[in-house]
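This report walks through a few local features of one structure. Have the chain open as you read.

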Amino acid sequence: MSSNNHPVFSHKTQRNSDDLPGTTSSGKKGPVLCFQNLSYESQEKSGFPFCWKTTDKRTLSVINGIMKPGLNAIMGPPGGGKSLLLGLLAARKKPRGLSGNVWVHGVPKCNSGYVVQDDVVMSTLSMRENMQFSASLRLPTTMSKEEKNNRISKVIEKLGLHEMADSKVKSKGERKMVSIGMELILDPSILFLDEPTTGLDWNTAYKIIKLLKSISEQERTIIFSIHQPGYSIFNIFDSLTLLASGKLMYHGPAQEALEYFKSAGYKSECYIIPEEFFLDIITGIIKRESEDHEASNTEMPLENEESVIESLAEFYTKSPICGETKSELERLSKDLNKRRLFREEITYVTSFGHQLIHITRRSFQNLVGHPRPWIVQLIGTLILGLVVGVTFLLLRDHCTEIQIRAGVLFFLMVYQCLSSVSVMEFFVNQNQLFLHEHISGYYKVSSYFFGNILFDLLSRRFLPSFIFTCILYLMMGLKPEVEAFFIMSFTLMMVAFSSISLALAIGAGNSDTTTATCIADIYFIFMMIFLGLSLYFENMTPQLSWIHYFSIPYYGLTALLHNEFLGQYFCSALSTTPGRICSNYVMCSGDEFLMIQDIDLSPWGLWKNHVALASLMIIFLTIAYLKFLFLKTPILSSASIFYELDPHLKRTLI
């Protein structure tokens, strides 16, 4: 690696003995991942808010193992630590509480990929488009577009998706295939997968495991957690790691696991699925033969699970297979060419501008692939605008309709505020996608944030807002001046953008759309009731008068009233004969109405509201950005990691 620590990219389209000189004891070439004395302590909080008690809990206890080229399965009961171990090996857990060593042997340079369990892919994009997005942001810009497309085509061919590559992702099996393909774009030497068969039918799960088997035969190390594999799937595994309560029950060749537990005194004749056999041992359903030879294995009263796990863990540590693993670890630890796992901030191979362009492009593809919500929004805006326009058709310039005119402006402001809250759902629903792609080295937080904000504001907020304003302005006969029309449009867009910013500040990093939407609705309802509608702050309790400084509806309505009523006369007699008072006088001039509302008549009285809205928008966007930036994520993802030759060198992302 160069002295300036630039990201390194290893371009390997084919794997051969020259590329990967390391050879394992099994004769397979490829990376060997070793972990020695690996332990992990997590912090648990208990008690009441502001009185939390933090306790450290050991969730992984002195784990040793070797993952060689092939299929390396991690199994165990729920909460046993299999996902935790996978996350630690893949560097997707924070280093706090982590002790032990992780090394990579056998290759001069090694990058890896990670496939999450949730299959976070864009279903509105085709399989090829999803892989193109991965290639565009994770492969270096020094590669030509043709080279990237060739690699995508090879991955598609390898996955057997060439006939449906240009169709949208539909089934869960296809989503899983595309998730794997997006990682294979990097040509990883080590591939991590979190429960790749969960939620799949047996046939699809078998195909996925067979695919992983064929990938592992290309000098790759495949490490994955799995839950309840079938017998035919289990037979494909090369290595098995069995965990329970963070302790190692077994680590060795998968096909020797049954014999190992038989040697420990457990029968397996009545079991077809190996994992059921292992889990029944761990939970105490099956007892050792020596404890009671006459009783039925499945009818014995349950033993204490903790004591069973302790005895199994102790039995493993004294077993020959554990001794062989430790001996090999000692030998490998003396390897001068081993690569130690280090953690550092995520780096990227593409610039901010490059990321921004591709994120915006994907958002546009997402809109084109699923245009129904946007079309429904436009049609709904058009219909609502026509209904409201007909209701208040051609307001008269008469003193009796001043309050009606003000009410219409209030309605416009309310509509812009409440309709903008829906943007929250977009960001909340994409939280998992953002987390995976960000820590996998796709893009920076700033690129994702501004790319989606820019596209959402321009495509989904600006056009509906402008259409709604045009319809109502023309049908209701508001102030007949071009300047007044554009000021009104600008004001309503500022209200919408400020409301969107507030929604993002509330919803960013929140996984619960309902709660976030409820908080935003409470804010707007409160501000509209106490501030937006009456504007009588002088008559309110002094202790509450400061609230209007944080009210988007207040600034929006004040600007709309100023723009509409300033210089307007609503009595024909007053407009022809200044100073004349109408009969049954209420108020005849817009200036008088504004003064009653305590609104400044100067130009600054108008534009200070826009300055306030812009300030609130900046504040809320800053809060939202910081919430994204400090979202609880792992320090690094192994989705694009290089393990460098010198153990003191930092690992970098391609």
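## Ground rules

Helices (H or I, at least four residues) and strands (E, at least two) are DSSP runs, numbered from the N terminus. This is a predicted model, in which local features need pLDDT of at least 70 and side-chain atom pairs count only at pLDDT 80 or more, while totals for chains, interfaces and linings use all residues. Residues are numbered from 1 along each chain as its sequence is written, and side-chain values use heavy atoms, with hydrogens and water left out.

Arg331 and Glu328 both belong to helix H10 (residues 320-333). They sit three residues apart, so about one helical turn separates them. An α-helix has 3.6 residues a turn, so residues three or four places apart point the same way.

The two form a salt bridge (a side-chain nitrogen of Lys or Arg within 4 Å of a carboxyl oxygen of Asp or Glu). Their closest N and O atoms are 3.5 Å apart. Glu328 has 18% relative accessibility. It therefore counts as buried (under 20% relative accessible area; exposed is over 50%, partly exposed in between; 1.4 Å probe, protein chains only).

## Salt bridges across the chain

The structure holds eleven salt bridges. One of them pairs Arg220 with Asp187, with 2.5 Å between the closest N and O atoms. Arg220 lies in the loop between helix H5 (202-216) and strand S7 (221-225), and Asp187 in the loop between helix H4 (172-184) and strand S6 (190-194), so the pair ties together parts 33 residues apart in sequence. Both residues, Arg220 and Asp187, are buried.

Glu437 forms a salt bridge with Arg362, the closest N and O atoms being 2.8 Å apart. Glu437 is in helix H15 (residues 431-439) and Arg362 in helix H11 (residues 352-369), 75 residues apart. Both Glu437 and Arg362 are buried. Elsewhere, salt bridges with shared partners join Lys68, Glu328 and Arg331 into one network.

## Helix H8

Helix H8 (residues 274-282) is mostly covered, with eight of its nine residues buried. Among them are Phe277, Phe278 and Leu279. The buried residues of H8 pack against several elements, including strand S3 (70-75), helix H7 (257-263) and helix H9 (305-317). Gly284 follows H8 and has a positive phi, near 85 degrees.

## Ser465

Ser465 is in helix H16 (residues 445-476). At 5% relative accessibility, Ser465 counts as buried. Not counting residues up to four places away in sequence, Ser465 touches Gln416, Leu492 and Met493 (contact means heavy atoms within 4.5 Å).
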